[in-house]
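Subject: Structure for your review

Hello,

The structure we discussed is placed below, and my notes on it follow. Please read them with the structure open.

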Amino acid sequence: MKLEDFQLELTQLPNAMPVWHGRVDARQWRTACQQVREKGGRLVALWGADNRDRGEAFSVHAALTVQSGLLVITLPLHGESFPDVSDIFPGANRMQRAAYDLFGVKAGNAADQRKWLRHAAWRADEFPLRKDFISRQPSVVTGSGEADDYPFVRVEGEGVHEIPVGPVHAGTIEPGHFRFSIVGETILKLEERLGYKHKGIEKRFEQLSVEEGARLAGRISGDSTVAYAWAYAMALESAAATEPSPRALALRALALELERIANHLGDLGY
C-alpha cells in the first residue's frame, strides 16, 4: 500500500533507505496494522521504550513494510498497556511478551500473556530496560525463591508422548527448549521456548559511547557481524540526520555479501 493510504501525519527519516515515522493513538495503532496486513505487508518488529527520563512516559513502536519502504509508528502510552495486534500479525505475540518482560508494558486482552525472556533472571516486579532498573548479582535473583515454571501447552490422549529437547544441545546450535508431542512417528505439536541467549545487550548499549557501541554491535552474533554493525550504523546515521557516502554503502554491501556467502557455504558444508 502507499503512504497516502494512511490517515497519519508522517515524517521521512534521514536514512539510506526509505523510512517514514508517525505518532498514533490506540485506534490508529490497530488500524495501521490492519491496513498493512490487508495489503500484504508485514510486521518487521515491535518493541517498547521508556521515555520517562525525557519527561514523557512509556511507548511502543512497530516497524511495518509498505510499498514505499518502511513505516515506523509510535504509540505513546497513558499507563502500562497497549492494544494487542497478535490477532493481526501472529508474529507479534512473542514481541509483545518480550516488551512486557523488559519494560512492563502489556498488550491488553492478548490471548497469550506468558513470559518470554524471563528465565528467572530477574524478579517478577523488575523490568531491566526501565531507566530506573538496578542490575543485581545472579545470586540475589536466584535466592528470591521464584520458580521458572513455564506453562507449556500440553497435548493429551491415548498414545501421546512428550519429548523435551534442550535448552542445552550437543554442538553449537543456538539454545532453545523444545517440547515435541508425538504419537508414534507423527508430531502432533511442537512448542518452542527461546530467549536463553538474552544477556542484557540492550541495557549495555545505554552505558557505552557511540564508538564503543559499534564494537559491541559487531560482536552480538559471530556469523552476522557485518549485518549487526550495518544496522547499528544505519540507526546512528538516521538519528544524526546524515547519509553515508556511495563508497561507504558499496563497501558495506560487499562485506555483507561476503558474510552471506560464507554462511551459505558453512551450511552446505554441514
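**Aromatic pairs and buried rings**

Trp-29 is buried, at 0% relative accessible area; buried here means under 20% relative accessible area, exposed means over 50%, and partly exposed lies in between, with a 1.4 Å probe and protein chains only. Before the rest, the basis: this is a predicted model, in which local features need pLDDT of at least 70 and side-chain atom pairs count only at pLDDT 80 or more, while totals for chains, interfaces and linings use all residues. Residues are numbered from 1 along each chain as its sequence is written, and side-chain values use heavy atoms, with hydrogens and water left out.

The structure holds 4 aromatic pairs. For a pair, the ring centres of Phe, Tyr or Trp (its six-membered ring) must lie within 6.5 Å; planes under 30 degrees apart count as stacked, over 60 as edge-to-face, and the rest as tilted. Trp-29 and Phe-82 form one of the pairs, edge-to-face, with 6.3 Å from centre to centre and 80 degrees between the planes. This pair links distant parts of the chain, since Trp-29 sits in helix α1 (residues 26–38) and Phe-82 in strand β6 (residues 81–83), 53 residues apart. Helices (H or I, at least four residues) and strands (E, at least two) are DSSP runs, numbered from the N terminus. Phe-82 also counts as buried, at 3% relative accessibility.

Tyr-150 and Phe-152 are edge-to-face too, because their ring centres are 4.8 Å apart and their planes stand at 70 degrees. Tyr-150 is buried at 9% relative accessibility, and Phe-152 is buried at 13%.

**Charges over rings**

A charge sits over a ring if NZ of Lys or CZ of Arg is within 6 Å of the ring centre and within 35 degrees of the ring normal. Arg-179 lies over the face of Phe-152, 4.1 Å from the ring centre. Lys-106 lies over the face of Tyr-100, at 4.8 Å from the ring centre.

Contact means heavy atoms within 4.5 Å. Ile-163 is in strand β8 (residues 161–165) and is partly exposed, at 38% relative accessibility. Its C-alpha atom is separated by 38 Å from that of Glu-38, which is 125 residues away along the chain.

Pro-167 is in the loop between β8 and β9 (177–183). The peptide bond from Gly-166 to Pro-167 is cis, with omega near 15 degrees.

**Positive phi values**

Two residues other than glycine are worth a look in the backbone. Asn-109 has phi near 65 degrees, a positive value. Asn-109 is in the loop between β7 (106–108) and α3 (138–142), and at 80% relative accessible area this residue is exposed. Ala-241 has a positive phi as well, near 55 degrees. Ala-241 is in the loop between α6 (225–239) and α7 (246–269) and counts as exposed, at 53% relative accessibility.

**Helix α7**

Leu-256 is found in helix α7 and is partly exposed, at 30% relative accessibility. Not counting residues up to four places away in sequence, Leu-256 touches Val-226, Ala-227 and Trp-230. Leu-256 and His-198 are 58 residues apart in sequence, and their C-alpha atoms are 25 Å apart in space.

**The chain overall**

The protein chain has 7 helices and 10 strands. Its C-alpha trace spans about 60 × 50 × 45 Å along the principal axes. Of the 270 residues, 36% are buried. Among contacts between residues at least 6 apart in sequence, 49% join residues at least 24 apart.

The chain exposes about 16,300 Å², and carbon and sulfur atoms supply 54% of that area. Accessible areas come from the Shrake-Rupley method with a 1.4 Å probe; for residues, only the protein chains shown count as cover. The mean positions of the 32 positive and 36 negative charges are 2 Å apart. Lys and Arg count as positive, Asp and Glu as negative, and His and the chain ends are not counted; each charge is placed at NZ of Lys, CZ of Arg, CG of Asp or CD of Glu.

Regards
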